[in-house]
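Dear colleague,

I am passing on the structure we spoke about, together with some notes on what turned up in it. Please look through it with the notes beside you.

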Amino acid sequence: MTTDNQLTCLVDGEPVSLETSLQLAELDAGLRNRIKREFPQSQPGDYICGHHLLKYRLEHVDAMINADLKQTKKINNKLTKALQSDDYDIVDVNETLTESLTFGQKISDDVAHFGGSWGFIFAFMFVLLAWMFVNGLHLFGINFDNYPFILLNLVLSCVAAIQAPIIMMSQNRSADRDRMMAENDYHVNLKSEHELRLLHAKVDHLAQNQVPHTMEIARFQLEILGEIRQELGELRTQEHVGSTTTRRESPHEDVDHS
Ligand SMILES: [Zn+2]
């Protein structure tokens with residue numbers, strides 16, 4: 001505001017000098033809007049004194065810091081809630097399955113394990129060959145199952161008939177194990193994805209708000225430093241002018257006195 005060419009501060013209307021004040025148009029948009037909110041009638045050509053400018057700068061910095069803290073807190077709360085809300089306990093598949101094993105299941109596992117080994121094949125071949133040799137050649141006077149070994153056929157059929165469901169039992173348990181592991185994986189993946197999304201939001205907030213705000217605060221500091229330097233320069237000039245004037249005047253005074 002100017003009255004009779006006298007510059008005044010738009011906040012309190014006190015007179016200000018050109019050196020210690022700034023025009024609204026010179027300020028950055030965020031700070032200008034903050035001042036405009038409080039003084040809607042102010043114009044870009046209006047002046048504000050250094051004292052009030054500092055007050056608004058501090059308010060602006062406070063507002064930025066508070067907004068950042070609020071947003072960080074919000075994201076942190078979400079993250080904490082996500083970490084606590086997932087009450088699914090990761091199951092130790094091996095331990096759970098071993099603990100819940102019944103006697104029958106243990107036997108079926110052992111049988112399936114032995115049935116699927118080379119030891120079983122060699123042992124079975126030995127039994128078959130011995131059976132056929134003993135009965136075919138009537139060794140030791142034994143011939144309870146003559147050629148073509150009908151009883152052997154019956155025994156083999158029985159073994160196959162019993163072995164098949166035992167192996168299937170063991171396979172069912174193997175399928176149970178796979179299902180439990182898949183369920184574990186699914187929950188872990190879900191939790192990881194959720195946490196990752198929140199961390200992403202946190203990094204976004206850091207990059208999009210906090211870093212620019214820190215830059216803005218640093219810029220404010222540079223501006224204030226510049227202003228201090230300018231005022232210091234002016235003070236030095238005034239001091240220099242003052243001292244030369246005194247020096248120029250003092251010889252005359254000496255002459256006059258002498
Ligand atoms: Zn002022």
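How many residues apart do Arg 197 and Glu 193 lie in helix 6? They are four residues apart, which is about one turn of the helix. Please keep in mind while reading that this is a predicted model.

The side chains of this pair, Arg 197 and Glu 193, meet in a salt bridge with an N to O distance of 2.8 Å. Arg 197 counts as exposed, at 52% relative accessibility, whereas Glu 193 is partly exposed, with a relative accessible area of 43%.

Salt bridges across the sequence

A search of the whole structure finds eight salt bridges, and two of those described here involve Arg 57. The side chain of Arg 57 meets that of Glu 223 at 2.7 Å, N to O; because Arg 57 lies in helix 2 and Glu 223 in helix 6 (residues 150-257), this pair ties together parts that are 166 residues apart in sequence. Arg 57 also forms a salt bridge with Glu 227, at 3.1 Å, N to O, and since Glu 227 likewise lies in helix 6, that pair ties together parts that are 170 residues apart in sequence.

As for burial, Arg 57 has a relative accessible area of 3% and is buried, while Glu 223, at 25% relative accessibility, counts as partly exposed, and Glu 227 is also partly exposed, at 23%. These residues belong to a network of salt bridges that links Asp 28, Arg 57, Arg 219, Glu 223 and Glu 227.

The zinc site

The zinc ion has as its protein donors Cys 9 (SG), Cys 49 (SG) and His 52 (ND1), which lie 1.9 to 2.3 Å from the ion, and along the chain these donors follow the spacing C-x39-C-x2-H. Cys 9 lies in the loop between strand 2 (6-7) and strand 3 (21-23) and His 52 lies in helix 2, so the pair ties together parts that are 43 residues apart in sequence. Both residues are buried: the relative accessible area is 0% for Cys 9 and 11% for His 52.

A patch on the surface

Finally, Lys 70, Lys 74, Lys 78 and Lys 81 form a positive surface patch, and one of these residues, Lys 74, has its place in helix 2 (residues 50-85), the helix in which Arg 57 also lies.

How values were computed: Residues numbered from 1 in each chain as written. Predicted model: local features only at pLDDT ≥ 70, side-chain atom pairs only at ≥ 80, totals over all residues. Heavy atoms only, no water. Patch = residues over 30% accessible without salt bridge, like charges linked within 9 Å, V, L, I, M, F, W, Y side chains within 5 Å. Areas by Shrake-Rupley, 256 points an atom, 1.4 Å probe, with all protein chains shown as cover. Salt bridge = Lys/Arg side-chain N within 4 Å of Asp/Glu carboxyl O. Lys, Arg positive; Asp, Glu negative; His and termini not counted. Charge placed at Lys NZ, Arg CZ, Asp CG, Glu CD. Helix = DSSP H or I, 4+ residues; strand = E, 2+ residues; numbered from the N terminus. Donors = N, O, S within 2.8 Å, 3.2 Å for Na, K, Ca; no water. Buried < 20%, exposed > 50% of the residue type's maximum accessible area, 1.4 Å probe, protein only.
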